[in-house]
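Please read them with the structure open.

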Amino acid sequence: MTECGRVASVNGENAKVVFKRRAECDKCRMCVASKDGKHSEITVANTLNLCEGDCVTVEVYKRKIQVLTVVLYIFAFALTALGAGVGSIMSKGASAILGVAGFVIGMAFAVPIDVCVLRKKQKPKMIRERAESEYIVNSK
């Protein structure tokens, strides 16, 4: 997803970008909501060497990373079903135990990979500087 915003401040190699908050912002949670709740702000590497007040397009996350995350958690729940299925062949008690074990093993793989690998790859970044007129049209 890309967002059009304005550089609110520059601090060394990073810039704080502010843009209009949309309904999708509640699902993503990569940005911080402003106190009034109408805007979101995000800190990104100032790779375009922009100054305060400049307009910019920021890529917040890539769809590919999002799909990989979903697949990862589906794998964890598949292990739960597999454990419960294999356990049901043995007995009812084994079904519950192996189901929980499958869930724990699946999550033990899914959560660290998601948090430590995939989320690190989806750091927001500046894509391009925008003209003032483009920012005004896209922020309405």
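1. What share of the contacts in the protein chain with a separation of 6 or more comes from residues 24 or more positions apart? The share is 66%. This is a predicted model, and the points below should be read with that in mind.

2. Overall make-up. The protein chain has four helices and six strands. Along the sequence they follow the pattern β-β-α-β-β-β-α-α-β-α.

3. Burial and surface. The protein chain has 140 residues, of which 31% count as buried.

4. In soluble globular proteins, nonpolar side chains tend to be buried together. Here the largest nonpolar core consists of ten residues: Val7, Ala15, Val17, Phe19, Ile42, Val44, Leu50, Val56, Val58 and Met126. Two or more of its residues come from each of strand 2, strand 4 and strand 5 (55-59). Strand 2 is the element that gives the most, with three residues.

5. Salt bridge. How many salt bridges does the model contain? The count comes to one. The partners are lysine 16 and glutamate 41, and their closest N and O atoms are 3.8 Å apart, against a cut-off of 4 Å. Lysine 16 belongs to strand 2 (residues 14-20) and glutamate 41 to strand 4 (residues 39-45), so the pair ties together parts that are 25 residues apart in sequence.

6. Exposure of that pair. Are the two residues buried, exposed or partly exposed? Lysine 16 has a relative accessibility of 29% and counts as partly exposed. Glutamate 41, with a relative accessible area of 26%, is also partly exposed. Both values fall in the band between buried, under 20%, and exposed, over 50%.

7. Threonine 80. This residue lies in helix 2 (residues 63-90). Which residues does threonine 80 contact, leaving aside its neighbours within four places in sequence? They are Gly99, Gly102 and Phe103. With phenylalanine 103 there is a polar pairing to check in the viewer: a polar atom of the threonine 80 side chain lies 3.4 Å from the backbone nitrogen of phenylalanine 103. The cut-off for a polar contact is 3.5 Å.

8. Points to look at together.

Note on methods: Residues are numbered from 1 along each chain as its sequence is written. This is a predicted model: local features need pLDDT of at least 70, side-chain atom pairs count only at pLDDT 80 or more; totals for chains, interfaces and linings use all residues. Side-chain values use heavy atoms; hydrogens and water are left out. A polar contact is a pair of N or O atoms within 3.5 Å; within protein, one must be able to donate a hydrogen and the other to accept it, and residues adjacent in sequence count only if both atoms are side-chain atoms. Contact means heavy atoms within 4.5 Å. A salt bridge is a side-chain nitrogen of Lys or Arg within 4 Å of a carboxyl oxygen of Asp or Glu. Buried means under 20% relative accessible area, exposed over 50%, partly exposed in between (1.4 Å probe, protein chains only). A nonpolar core is a set of buried Ala, Val, Leu, Ile, Met, Phe, Trp, Tyr and Cys residues joined through side-chain atoms within 4.5 Å.
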